[in-house]
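I opened the model to look up its charged pairs and its nonpolar core. My entries follow.

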Amino acid sequence: FWMTGDNNGRWAGSYDWPEDHSLYMEAVKDTMKRLASRPSLMLWCAGNELDPPEQNPPKDIRAELQKLFQQDGRPFVMSSMSNFTHFNSASEMAPKDGPYVMLPLEQYDERNPGLTFWNHSRA
């Protein structure tokens, strides 16, 4: 059920994507049923670079995704990354993409703060 900013408004296409919201949510539910019992599944992520968050994904899909994944108990993030100007560690994994090279662990943590959960632990 992956969404990407590449084709749903951020870079091209329309913020209203996908065309059939109810069909998309049915696919999400089917995917969740298929994968939910896998012990290696650590978290759910709705998509990549879903930005700006007030438009992407569409509000009805955003609300349904949040409601659906609250029932699962695993962490859920709407987007793998956001724009560094409005990064929110409660809903995005990283404030920017790259660099696409190996980093010392301490530099990685500085650059990508990861998720901060309600109890202040981090992913």
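Is Asp72 buried, partly exposed or exposed? I found Asp72 partly exposed, with a relative accessible area of 23%; buried means under 20% relative accessible area, exposed over 50%, and partly exposed in between (1.4 Å probe, protein chains only).

Basis of the entries: this is a predicted model, where local features need pLDDT of at least 70 and side-chain atom pairs count only at pLDDT 80 or more, while totals for chains, interfaces and linings use all residues. Residues are numbered from 1 along each chain as its sequence is written, and side-chain values use heavy atoms, with hydrogens and water left out.

Salt bridges. I searched the whole structure and got two salt bridges (a side-chain nitrogen of Lys or Arg within 4 Å of a carboxyl oxygen of Asp or Glu). Asp72 pairs with Arg74 at 2.9 Å, N to O. Lys29 pairs with Glu26 at 3.8 Å, N to O. Lys29 and Glu26 are separated by about one helical turn, because they lie three residues apart in helix H1 (helices are DSSP runs of H or I, at least four residues, numbered from the N terminus). I noted Lys29 as partly exposed at 31% and Glu26 as partly exposed at 42%.

Core. I looked up the largest nonpolar core and found 13 residues, with Met25, Val28, Leu65, Phe69 and Phe76 having the most contacts inside it. Such a core is a set of buried Ala, Val, Leu, Ile, Met, Phe, Trp, Tyr and Cys residues joined through side-chain atoms within 4.5 Å. Helix H1 (21-35) and helix H2 (59-70) are the elements that give two or more residues to this core.

Met25. Leaving aside neighbours within four places in sequence, I list Ile61, Glu64, Leu65 and Leu68 as its contacts (heavy atoms within 4.5 Å).
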